[in-house]
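Q: Could we go through this model together? I would like to begin with the aromatic residues and then turn to the packing.

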Amino acid sequence: MKGKILILDFGSQYTQLIARRVRELGVFSEIQPYNYSLKKILAAPPAGIILSGGPASTTAAGAPRVGRELFAAGIPILGICYGMQLLTRMQGGRVERSARREYGKAQLDIKAVTPLFENVPDHSTVWMSHGDSVATPAPGYHVTARSADGTIAAIENRSKNIFAVQFHPEVMHSLEGKKILANFLFAIAKTDRSWSMKNFIENETAKLREQCLGKRVVLGVSGGVDSTTLAVLLQRALAGKVTSIFVNNGLLRLDEEKEVLDNLRRRLGLKVTYINASGRFLKNLKGVAAPERKRKIIGKTFIDVFYRGLKNFDFLIQGTLYPDVIESNPVQGPSQTIKTHHNRVREVQKLERQGRIIEPFKFLFKDEVREVARLLDIPADILNRHPFPGPGLAVRILGDITPRKLAILKQADDIFISELKSSGWYEKTWQAFAVLLPVRSVGVMGDERAYGNVIALRAVTSTDGMTANWAALPAEVLDAAANRIVRQIRAVNRVAYDITSKPPATIEWE
Ligand code: XMP
């Protein structure tokens with residue numbers, strides 16, 4: 001891709017944020033692990049390289065590093081935090097452990113004229129998060145900024161086109177961060193602004209036509225933003241020669257299948273094959289309580305249903321997004337996989353080896369898909385639907401799944417969502433749902449002692465689902481939801497609200 005920025009990831013929690021900021025500035029960015037082959041980098045040199053931050057210390061034995069030749073390749077480099085310390089140490093400078101960790105807002109004092117700080121005020125607020133710092137820059141480097149306490153905050157080697165900052169320009173709290181990144185992209189790496197969702201649609205349409213015109217193309221749709229947007233894009237690119245398959249796995253929300261079919265068929269004019277496989281999914285899940293087993297069974301049943309529904313097809317199109325791709329190739333190694341995701345089951349991997357999986361969104365972040373949806377005129381209420389996991393309500397019923405539990409959960413979830421919608425909170429949350437707990441609790445109903453089910457409500461705010469805060473819903477909204485749930489669902493006598501953020505919890509309970 002012309003003018004792309006390569007981000008080498010040392011495991012920082014902010015790496016994806018760097019990629020998104022770069023893209024917001026109109027430049028394509030790609031994340032690869034820090035040990036990505038130098039040969040590959042040099043075969044198609046990016047316009048610039050950003051070395052991310054990371055949790056390790058460059059002074060520790062076995063600390064992650066890049067090949068030394070990277071600094072001699074003539075590619076402009078921006079080191080951030082760990083990246084700055086690494087390029088310092090590897091080129092003969094000194095990094096030392098600070099007496100205390102600097103964490104939070106700090107003042108940046110610019111000490112020299114540099115293209116990196118063009119149009120940035122001499123004093124501004126930046127976000128710091130580091131234990132080590134550069135004590136002596138490597139030969140050929142000089143200091144361009146310090147923080148108020150004198151810590152070296154930025155260095156450069158202008159003749160090599162290598163720049164580095166101790167703070168995190170990608171974090172919103174670094175007030176001039178975006179300008180600093182823009183200076184690196186446009187004044188130093190000289191990239192062009194060719195990354196826009198309008199271009200993406202045009203390029204992807206051309207690619208899909210080349211690869212798929214005249215072939216049998218199928219795609220699974222769920223009614224969510226990603227697959228719906230993909231189906232609309234495909235239908236436009238391939239002039240409607242696409243079969244969208246909507247599988248009802250019996251784990252959908254109340255009346256969701258009707259709503260999804262109406263959205264896809266009537267409102268968006270898509271050709272949809274509806275397969276109601278509820279019975280089969282529930283039969284396969286009978287008596288299964290372990291979360292990972294549930295996911296695996298659901299993924300497997302989904303693929304089986306697909307195969308039965310279509311005898312002949314050339315390509316299966318999936319709505320995989322970039323975070324899933326990055327997560328399957330993490331710095332920490334595959335052992336860090338926390339939950340098995342639906343679109344990476346063995347059957348899909350087999351199709352992948354045969355070259356029959358196409359994932360047009362595999363370089364997009366969620367907010368970019370939303371932008372594509374907007375450009376394709378997908379109505380706002382479809383676009384703003386909360387994400388819903390592939391395994392559906394199965395991961396919201398803790399323990400085994402029965403039709404009775406499903407009925408209870410569907411009703412509770414529907415009440416909660418309707419209260420959120422009527423109070424205007426649905427749009428303010430990333431996701432909200434009810435969870436049915438595998439315990440019962442004592443209560444009084446009328447004059448009688450009741451031993452009933454417990455529902456937990458969960459609502460979170462987030463920008464990408466990678467991290468999330470619990471949503472501080474007003475007491476009236478929670479009160480109204482809880483009251484209706486215990487009044488309208490006989491089996492439930494207690495409602496709890498989940499106030500953990502991610503991390504350490506995940507958004508879903510399983
Ligand atoms: P967690 O629970 O990992 O969820 O914090 C992050 C986001 O991913 C969704 N999620 C899934 N989506 N298949 C999916 O398609 C899955 O197996 C799955 N598990 C979690 C979750 O709803 C949240 O938006």
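Q: Is phenylalanine 363 buried, partly exposed or exposed?
A: This is a predicted model, and in it phenylalanine 363 has 32% relative accessibility, so it counts as partly exposed.

Q: Which residue does phenylalanine 363 form an aromatic pair with, and at what angle between the planes?
A: Its partner is tyrosine 322; the planes are at 55° and the distance is 5.6 Å centre to centre, a tilted pair. Tyrosine 322 lies in helix 10, whereas phenylalanine 363 is in the loop between strand 14 and helix 12, so the pair ties together parts 41 residues apart in sequence.

Q: And tyrosine 322, buried or exposed?
A: Tyrosine 322 counts as buried, because its relative accessibility is 2%.

Q: How many aromatic pairs does the structure hold?
A: There are 11 aromatic pairs in the structure. In one of them, the ring centres of phenylalanine 200 and phenylalanine 361 are 6.1 Å apart with planes at 45°, so this pair is tilted.

Q: Where do phenylalanine 200 and phenylalanine 361 lie?
A: Phenylalanine 200 belongs to helix 5 (residues 197–212), and phenylalanine 361 to the loop between strand 14 and helix 12, so the pair ties together parts that are 161 residues apart in sequence. Phenylalanine 200 counts as buried because its relative accessibility is 7%; phenylalanine 361, at 0%, counts as buried too.

Q: Which residues form the aromatic cluster?
A: One aromatic cluster is formed by Phe28, Trp195, Phe200, Tyr322, Phe361, Phe363 and Phe365.

Q: Changing topic, which ring faces do arginine 356 and lysine 428 lie over?
A: Arginine 356 lies over the face of phenylalanine 313, 4.6 Å from the ring centre. Lysine 428 lies over the face of tryptophan 425, at 4.4 Å from the ring centre.

Q: Now the overall layout: what domains is the chain divided into?
A: The division gives domain 1 (5–188), domain 2 (197–383) and domain 3 (396–497). Between the C-alpha centres of domain 1 and domain 3 the distance is 45 Å.

Q: How many residues does the largest nonpolar core have?
A: The largest nonpolar core has 48 residues, and those with the most contacts inside it are Phe416, Leu420, Ile455, Leu473 and Ile485. Helix 14 provides the largest share of this core, 8 residues.

Q: Why does that core lie between domain 2 and domain 3?
A: It lies between them because both domain 2 and domain 3 give residues to it.

Q: What is phenylalanine 416 in contact with, leaving aside its neighbours within four places in sequence?
A: Its contacts are Ala432, Phe433, Ala434, Leu457, Arg458, Ala459, Leu473 and Ala481. There is also a second, separate core of 40 residues, which includes Leu230, Leu234, Phe315 and Ile317.

Q: Back to helix 14: how many residues does it have, and how far does it reach?
A: Helix 14 (residues 403–423) has 21 residues and reaches 30 Å from its first C-alpha to its last, close to the 30 Å expected.

Q: Which of its residues are buried, and what covers them?
A: The buried residues of helix 14 include Leu406, Leu409, Ile415, Phe416 and Leu420, with Lys410, Asp413 and Glu419 also among them. Their cover includes helix 8, strand 15, strand 16, helix 15 and strand 18.

Q: And what follows helix 14?
A: Glycine 424 follows helix 14, and its phi is positive, near 80°.

Definitions and conventions. Residues are numbered from 1 along each chain as its sequence is written. This is a predicted model: local features need pLDDT of at least 70, side-chain atom pairs count only at pLDDT 80 or more; totals for chains, interfaces and linings use all residues. Side-chain values use heavy atoms; hydrogens and water are left out. Helices (H or I, at least four residues) and strands (E, at least two) are DSSP runs, numbered from the N terminus. The expected span of a helix is 1.5 Å times one less than its number of residues. Buried means under 20% relative accessible area, exposed over 50%, partly exposed in between (1.4 Å probe, protein chains only). Contact means heavy atoms within 4.5 Å. Rings of Phe, Tyr and Trp (its six-membered ring) pair if their centres lie within 6.5 Å; planes under 30 degrees apart count as stacked, over 60 as edge-to-face and the rest as tilted. A charge sits over a ring if NZ of Lys or CZ of Arg is within 6 Å of the ring centre and within 35 degrees of the ring normal. Domain bounds come from an automatic or database domain assignment. A nonpolar core is a set of buried Ala, Val, Leu, Ile, Met, Phe, Trp, Tyr and Cys residues joined through side-chain atoms within 4.5 Å.
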